[in-house]
Amino acid sequence: MCTNGGMVSMKRIPNIALTGETVKQITTTSQFNKGGEAIICLSERPDTLYKIFINPSTGEIIEMSDNKLKKITSLFEMNPEYSVKPLSTITMDGRLIGYEMSYNRENRPLSVAKLDRTSTIEVLKRTKVALEHFASHDIVYGDIASRNILIDRNRQIEFCDMDNVQIKDLPIDLQGKDLRRFTRAYGKTDEKADAYMHNLFTLQQLKYPTPNPTYEDIITALTEGPYPSNFKRGAIRVFDSMLDPKKFTGEYAVKYLKR
């Protein structure tokens with residue numbers, strides 16, 4: 001940020017203007033991944049991807065919402081660590097349809113990584129640091145899951161799907177059922193939501209209570225007991241509080257994890 005004659009100058013996110021024909025070609029021949037909200041495509045550069053929004057029912061390309069535009073603009077300006085970066089907006093014949101984002105070819109989703117216990121604990125601690133960094137920027141990530149966390153060969157992590165976060169008063173666009181369950185009971189979405197979701201993520205990565213539990217399975221197991229045994233005593237109050245989100249302490253259970 002710089003000043004010019006007392007005026008504050010913000011970094012402006014650039015735009016890539018594409019024709020309808022080019023977008024059709026990209027989404028047909030260069031598809032990298034596809035989700036409910038968007039198609040991810042390879043760009044002409046080796047270190048970026050295009051995210052193009054679609055109607056989940058019809059697959060038709062649609063305009064990016066104003067809420068998402070404000071969030072990616074904010075992310076471009078603040079440039080937080082531990083995240084995929086928005087680099088440019090994308091327009092098609094003048095309509096805003098998506099954005100360009102950073103891409104590291106070495107990254108792969110944590111959901112497909114095969115990590116030993118030591119590496120898993122390291123990743124759990126790094127994701128906690130990342131979420132606390134986000135909180136310092138008034139960002140609530142929300143949908144904390146292995147599919148949304150990227151990891152490289154050095155076990156460095158990045159969160160993706162950053163247009164779906166909450167930034168200050170700009171809400172999460174699409175909450176998963178586990179986050180919805182928490183926020184309905186707790187009453188709002190703030191940094192405690194990330195701590196709660198990270199605790200579920202931690203227990204899932206540690207295979208509690210079964211090798212492949214859902215977050216719902218974990219809550220049921222905590223309710224019925226016993227609690228996982230590989231935590232120090234301080235974790236007991238954290239797990240107790242998770243059974244009633246209104247009383248959740250906001251602590252990260254990973255800090256009580258035994259080696």
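This is a predicted model: local features need pLDDT of at least 70, side-chain atom pairs count only at pLDDT 80 or more; totals for chains, interfaces and linings use all residues.
Glu122 belongs to helix H3, which covers residues 117-136. Its side chain makes a polar contact with the side chain of Arg126, at 2.7 Å. Glu122 can also be placed relative to Arg155: the two residues are 33 apart in sequence, while their C-alpha atoms are 7.9 Å apart in space.

## Helix H2

After H2 comes Asn79, which has a positive phi, near 50°.

Several residues of H2 are buried, namely Asn67, Lys68, Lys71, Ile72, Ser74, Leu75 and Phe76. The buried residues of this helix pack against a set of strands: E6 (48-53), E7 (86-92), E8 (95-102), E10 (139-140) and E13 (166-167).

## The enclosed cavity

The structure holds one cavity of 30 Å³ or more, and the volume of the largest cavity is about 40 Å³. Its lining is formed by Tyr141, Asp143, Asn148, Asp161, Asn164 and Val165, a group that divides into two nonpolar, two polar and two charged residues.

The largest pocket has a volume of about 800 Å³. Its lining consists of 30 residues, and those nearest its centre are Asn33, Ile40, Asn148, Cys160 and Asp161. Asn148 and Asp161 are also named in the lining of the largest cavity. At least two residues of the pocket lining come from each of strands E4 (31-34), E5 (38-42), E6, E8 and E9 (108-109); of these, E6 and E8 are also among the strands against which the buried residues of H2 pack. By type, the lining of the largest pocket comprises twelve nonpolar, ten polar and eight charged residues.

The second largest pocket contains about 550 Å³ of space. It is lined by 26 residues, with Ser111, Ser146, Gln204, Gln205 and Asn212 lying nearest its centre. Two or more residues of this lining are given by each of H3, helix H4 (177-186) and helix H5 (191-205), and H3 is the helix in which Glu122 lies. The lining of the second largest pocket divides into eleven nonpolar, seven polar and eight charged residues.

Note on methods
Residues are numbered from 1 along each chain as its sequence is written. Side-chain values use heavy atoms; hydrogens and water are left out. Helices (H or I, at least four residues) and strands (E, at least two) are DSSP runs, numbered from the N terminus. A polar contact is a pair of N or O atoms within 3.5 Å; within protein, one must be able to donate a hydrogen and the other to accept it, and residues adjacent in sequence count only if both atoms are side-chain atoms. Buried means under 20% relative accessible area, exposed over 50%, partly exposed in between (1.4 Å probe, protein chains only). Contact means heavy atoms within 4.5 Å. On a 1 Å grid over the protein atoms alone, a cavity is a set of points where a 1.4 Å probe fits but cannot get out, and a pocket is an open set with protein on both sides within 12 Å along at least five of seven lines; lining residues have an atom within 4 Å of a point. Grid points are joined across faces, edges and corners, and a volume is the space filled by probe spheres set on the points. Ala, Val, Leu, Ile, Met, Phe, Trp, Tyr, Cys and Pro count as nonpolar, Asp, Glu, Lys and Arg as charged, and the others, Gly among them, as polar.
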